[in-house]
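Hello,

Here is the structure I promised to pass on. Please open it first, then read my notes below.

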Amino acid sequence: MNTPIDKNPALKCDSFDPLDMRNYSLEKLPTLPAGPIMEMIKRFGVPLAVLFFCIFHFQLVEVGSFASQTKVPAEHCYTMLGIFGASLILWISEAIPNYLTSLLLIIAVVLTGILNEKTAYAYFGHPVMILNVASFILASMLVATGLAKRIALKFIMRAGHHATPIFWTFLILNLVLGAFINATAAKAALLLPIFMVISAIYGATGGDCRNNFGRNLVLQNLLGINVSCSAYVTGSAANLVAASMLAGAGAQIFYMDWFMALAPLAFIVLALGWILGVKLIFPIKGRENEPSIEGGLDRLRKELEKMGPITLNEIKAATIFLLVLGFWATDKLHGMSATAIALAGAALCLMPSFSKLPKIGVINWNNTDIPWHLLLFSFGAYVLGGGIKKTNIVGIGINNLFDAIGLNGDPNKLLIFLVIAVLFNYSSILNQSKTARTIIFFPIIIGIAENFGWNVLGFGLPMAFLINQVYVLYFNSKPATICYLANHYSSFESFKYGIVMQTVVLLCLIPWVQYVMPLMGFDSKLW
């Protein structure tokens, strides 16, 4: 990933084989050069972050609400606000790698006394972090055995002769994989080579060789990778953080309850994403609906044939995953946590031969692909959320906002739901971490529901659907970065499609909460 795109011969459409999947592995994707604005933001990121921290740490700006609260010393609120703002500036500007920002903020939170070392460092041992590690191991098993590739190729081979079945195949594929892979970056890395080859077959190789088929295919896959996570409580680590917070407030949510409430909505949003994409935003017309490289699908068929018959390891991998999925789906019956189940599944897939018995597992530790820099980044996000939770600076801000617009005196449930949903939904454009947003917003969501006596699950669960809406700009999530590097669309095109879909999600959510969720037994009506 170190070659600027304009100097990388591998991405020039006339000098490389666009049907060779090896050209699209993550390590071969180029580092896109920053534009003039982003370059300037990067240059000033560190001094801006230091300035922001100093302004609040040394209390050069007064926030009256900090002095009136009695939960923590007021100076902790000022310092935490400084750390919070500085971290956001560094994460958004990418002036330094995001995991380094995480390490710096952890040190700052500890050295300024907001959290003690034991509390801060315990976040790396949080069950969600363990689930992340276990899920990456399980995803590695899918990739290492070739099972995920075989499933994807078989799906595509059945629908590769026309554009419409191709889009629906990827839509369903994303929903299916969402049940198994909660690491969206891993899902993007798995699907990227396949949809890049399909794009090439339909005449889009990226860069100067873009067309609306390629734009739609990559952007809709980005949408699918993220929205499919909302269908499952195990779909992303942030979902589990939200579920654990709801459970902490006495609103226990089980796997099937979450699935029934949000999976149909995820399907509707993805279907609307397809209709709006191919009909209105990037309309596909005429020859773009047909393959333009003769024999292109034969290359995919050869890839499938090259894999040979299904192997014993693939069967073992499928069995382990079905077992994990089965235990996740029946958690209401046995009570085991998603983390414990994933950990048991990871142990099974790594299990070597012992006592001269046949080997149970299918991979060894060297086959696992755990992005530790992402885990360090998440570690920092958890510590940041812990500091914010302790000082309640975001809650104070929301309370001030409600006071300013007069909502505290008139608990209009629909209006309050809309205000929080809009803030939560569109905050993803500025904040790279789903987990950090969840840690910041969910205590507020739960607190509002408890304060006004509303059902916590009915008010909070629909908000969980907004956690994974992180696809508007390339820095909003790891899959967004990976898909942007495929070079099939510009930042503006990504923004245009993404902002429309984020708004569609909000427009769908209100009637869903009011009319559909009550039919499933949720006390969620807004008026």
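A word on classes before the findings: Ala, Val, Leu, Ile, Met, Phe, Trp, Tyr, Cys and Pro count as nonpolar, Asp, Glu, Lys and Arg as charged, and the others, Gly among them, as polar. Please also keep in mind that this is a predicted model.

**The cavities**

My notes cover the second largest cavity. The space in it comes to about 80 Å³.

Which residues line the second largest cavity? They are Phe-167, Phe-170, Leu-171, Asn-174, Leu-217, Gln-220, Asn-221, Leu-223, Gly-224 and Leu-270. By class, six of the lining residues are nonpolar and four are polar. No charged residue takes part in this lining.

Two helices, α8 and α10, each give at least two residues to the lining. Helix α10 covers residues 212-227. The largest share, five residues, is from α10.

**Thr-169 in α8**

Helix α8 spans residues 163-180, and Thr-169 sits in it. Is Thr-169 buried or exposed? Thr-169 has a relative accessible area of 8%, so it is buried, given that buried means under 20%. Leaving aside residues up to four places away in sequence, Thr-169 touches Phe-155, Ile-156 and Ala-159.

**Helix α11**

Helix α11 runs over residues 237-248, which makes 12 residues. What span should α11 have? At 1.5 Å a residue, α11 should span 16 Å. The C-alpha atoms at its ends are 17 Å apart, which agrees.

How many residues of α11 are buried? Nine of the 12 are buried, so α11 is largely enclosed by the rest of the structure. Among the buried ones are Asn-239, Leu-240, Val-241, Met-245 and Leu-246. Ala-237, Ala-238, Ala-242 and Ala-243 are also buried.

After α11 comes Gly-250. Its phi is positive, near 85°.

**Cysteines**

How many disulfides are there? The count is zero. A disulfide here would need a pair of cysteine sulfur atoms within 2.5 Å.

Cys-54 has a relative accessible area of 25%, so it is partly exposed. Cys-349 is at 0% relative accessibility and so counts as buried.

Best wishes

Notes. Residues are numbered from 1 along each chain as its sequence is written. This is a predicted model: local features need pLDDT of at least 70, side-chain atom pairs count only at pLDDT 80 or more; totals for chains, interfaces and linings use all residues. Side-chain values use heavy atoms; hydrogens and water are left out. Buried means under 20% relative accessible area, exposed over 50%, partly exposed in between (1.4 Å probe, protein chains only). Helices (H or I, at least four residues) and strands (E, at least two) are DSSP runs, numbered from the N terminus. Contact means heavy atoms within 4.5 Å. The expected span of a helix is 1.5 Å times one less than its number of residues. On a 1 Å grid over the protein atoms alone, a cavity is a set of points where a 1.4 Å probe fits but cannot get out, and a pocket is an open set with protein on both sides within 12 Å along at least five of seven lines; lining residues have an atom within 4 Å of a point. Grid points are joined across faces, edges and corners, and a volume is the space filled by probe spheres set on the points.
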